[in-house]
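Trainee: I'm new to this one. Can you put it up and walk me through part of it?

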Amino acid sequence: MNLQETFEVGLKFHGHKCPAMPLGIRAGMAALKVLGVERSQDKELFVRAETGKGHAACCFLDGVMTATGCTYGKSNIEKLYYNKMAFTMIDVKGGVRYEFP
Ligand SMILES: [Zn+2]
């Protein structure tokens, strides 16, 4: 998916317009680009999100999930409750990781 398609999917998934969800999409897409990997279809990637329960951080995480394909349904994401808008994405097969910021 390109940026516009990902944004539209993210908006439907997230449910409202806000600045943090698109930021999560951009951060997630940057992670994919830096690691040279595609959106996770199964469990190729794993995200360790440093977000907490705060509103904007939760919105950010929906964007990260939309872009990376790392979701709670696939159990390839975990929330660490550090209350930061940050995450680490790990290429499970390649053994490399990307840290945002
Ligand atoms: Zn939001």
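Trainee: In what sense do strand 1 and strand 3 pair, and over how many bridges?

Mentor: Strand 1 and strand 3 pair in the antiparallel sense, over five bridges. Pairing takes at least two DSSP bridges between the strands, and strands here are DSSP runs of E with at least two residues, helices runs of H or I with at least four, numbered from the N terminus. This is a predicted model: local features need pLDDT of at least 70, side-chain atom pairs count only at pLDDT 80 or more, and totals for chains, interfaces and linings use all residues. Residues are numbered from 1 along each chain as its sequence is written, and side-chain values use heavy atoms, leaving out hydrogens and water.

Trainee: Which residue in strand 3 is the bridge partner of Val47?

Mentor: Met89.

Trainee: And strand 2, parallel or antiparallel to strand 1?

Mentor: Parallel, over three bridges. Ala49 stands opposite Lys79 there.

Trainee: Which face of strand 1 is covered?

Mentor: The one with Leu45, Val47 and Ala49; Phe46 and Arg48 make up the uncovered face.

Trainee: Switching to helix 3. How many of its residues are buried?

Mentor: Eleven of 14, where buried means under 20% relative accessible area with a 1.4 Å probe, protein chains only. Among them are Phe60, Leu61 and Met65.

Trainee: What follows helix 3?

Mentor: Gly69, with a positive phi near 80°.

Conventions. Buried means under 20% relative accessible area, exposed over 50%, partly exposed in between (1.4 Å probe, protein chains only).
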